Amino acid sequence: MDQRAPEPTLADALANRLGQPLGVIGARVPSAMIEGAGRPAGDGLTEVDLTLADGRVRLGILPEAARIDAGHRIFWPRTVDCHTHIDKGQTGPRSPNPNGTFDAAGTAIMRDRSDYFDVKDLSRRAEFQMRAAYAHGTAALRSHVDADEATLDAALDALSDLAADWAGRIDVQLCPFTDLFAPRDQMEGLARAAARVGGALSFYMRAAPGLADALDTAISLAECHGVPLDFHADETLDPASHCLRALAEAVLRTKFQGPVLAGHACALMVQRPEEADRTLDLVADAGIGIVSLPLCNTYLMDRAPGRTPRVRGGTLVHEMLARGIPVALGSDNTRDGYFAYGDLDMVELFRHTAHTLQLDHPVGDWPATVGPTPAKLLGHDGGHIRDGGPADLIVFAARNWSEFHARPQTDRIVLDKGVPIASAPPNFSDLDTLSGMTP
């Protein structure tokens, strides 16, 4: 009878190496997520050997490292989520959207703020979401924060404290957020607040008279206070909405040199090809980054009782990438009026988007949309695997894209500085004691 101990698994080796260098042989990394050479493994994957040592990645096997065969498992860097709303998250169970429409979503959010706003409530909900994002493998996120004049300062203070608590695990950017047609003094206050918390100045755009002047004001304030700009643009299926085009024209007109990110851009899905092409050419010239938010937008858009949606919420990501426009994916809303579901899981977001917007055959550079591209857009030093970089990784059982997309990857291993994190996503029952919440 063979009494030999079983060979350690990769999970065992990662958990039990006790700070000693570990050489991993035959890991597969999306080519768009790695800086450095490796062995082509097909369909946008590169096979590499790497060493985990002192919380860092070293490409290649260090002589002193113990060795383990990865079995061709896929390795990602921890992901970057460049568009979320953690101030609204987890309010849906007590303030639901009754019909899943955009208009009803806004009403539900306002009702929840009126009935339940409290700093402790906000902090509890936001902490819950940070725990979920961390467990799923997120390394950095940007959250818009609604600029209700009665609650903004308290909300920013509470969320800034939360961001400080999570520093070193998740990097958090906070972005005061309001309508682009807000009074100038309110916009000025938001610009100061964005500078104070180290975030971006964020606006919701509407196709309305005075749009160009409002954009010029926003750009002027961003220049004055030294903050990036972030816009919700064309979050509609109205083909007459050209907010993204107006934004590109304003950036070119003012020669604004700061970072500009625009989310949604859904109207492009229903515009004539020549109209969409005109807008995209201007966006490319202006150097604007785009974040697509398909989880929320497919939930909300083209919804009517008893009718199957004809148009799926998204944007023209293939046409954007072909022009060199930086394209990222973001979670957007989480269990609130605008999206009843979600868990700030960028892996699930990538899988969903690959299916709905056909980011496959070939997979190519699309994994960059949840790693290197949003990291660059946020100025975050992460989102890719590189020699000497932090060992902030996600390890999947899947060995190829077919296996990756066939199952939800709930058995992933998340490494923070080379150490498997002990936390699982929080239980929803943790929220039951909040005012208005029930199981």
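Let me start with a definition: a residue is called buried under 20% relative accessible area, exposed over 50%, and partly exposed in between, using a 1.4 Å probe and protein chains only. By that rule C224, at 60% relative accessibility, counts as exposed.

Before we go on, a word about what we are looking at. This is a predicted model, in which local features need pLDDT of at least 70 and side-chain atom pairs count only at pLDDT 80 or more, while totals for chains, interfaces and linings use all residues. Residues are numbered from 1 along each chain as its sequence is written, and side-chain values use heavy atoms, with hydrogens and water left out.

Let's stay with the cysteines for a moment. A disulfide is a covalent bond between the sulfur atoms of two cysteines. Here the working rule is a pair of cysteine sulfur atoms within 2.5 Å. How many disulfides does the rule give? The count comes to zero. Take C224: the closest cysteine sulfur to its own is in C175, and because the two are 18 Å apart, they are too far for a bond. Is C266 buried or exposed? C266 is buried, with a relative accessible area of 0%.

Now to the helices. Helices (H or I, at least four residues) and strands (E, at least two) are DSSP runs, numbered from the N terminus. Please find helix 7, residues 243–254. Helix 7 has twelve residues and spans 16 Å from its first C-alpha to its last, close to the expected 16 Å. That expected span is 1.5 Å times one less than the number of residues.

Which residues of helix 7 are buried? They are C243, L244, R245, A246, L247, A248, A250 and V251. And what do these buried residues pack against? Their partners are helix 6 (211–225), strand 12 (229–233), strand 13 (260–264), helix 8 (273–286) and strand 14 (289–292). When I speak of contact, I mean heavy atoms within 4.5 Å.

Let me pick out helix 8 from that list. The axes of helix 7 and helix 8 come within 9 Å and cross at roughly 35°. Axes here are lines fitted to C-alpha atoms, for helices over the stretch in contact, and angles run from 0 to 180 degrees between N-to-C directions. This crossing is left-handed. That label applies if the near helix is turned anticlockwise from the far one by less than a right angle, and right-handed applies if clockwise. On the helix 7 side, the contact includes L244, R245 and A248, and on the helix 8 side, E275, R278 and L282 are among the residues. Sorted by class, this contact has seven nonpolar, one polar and five charged residues. The classes are these: Ala, Val, Leu, Ile, Met, Phe, Trp, Tyr, Cys and Pro count as nonpolar, Asp, Glu, Lys and Arg as charged, and the others, Gly among them, as polar.

Now a second pair of helices. Helix 5 (residues 184–197) and helix 6 have axes that come within 10 Å and cross at roughly 35°. Helix 5 passes helix 6 in a right-handed crossing. The contact is made by R184, M187, E188, A191, R192 and A195 of helix 5, together with A214, T217, A218, L221 and H225 of helix 6. These residues divide into six nonpolar, two polar and three charged.

Just after helix 7 comes K255, with a positive phi of about 60°. K255 sits in the loop between helix 7 and strand 13, and at 62% relative accessibility K255 counts as exposed. H264 also has a positive phi, of about 80°, although it is not a glycine. H264 lies in strand 13, and at 0% relative accessibility H264 counts as buried. And where is there a cis peptide bond? Look from H361 to P362, where omega is near 5°. P362 is in the loop between helix 11 and helix 12 (372–378).

Two alanines to finish. A354 is in helix 11 (residues 346–356) and is buried, with a relative accessible area of 2%. Leaving out residues up to four places away in sequence, A354 touches L359, D360 and H405. A422 is in the segment after strand 19 (419–420), and A422 is exposed, with a relative accessible area of 86%.
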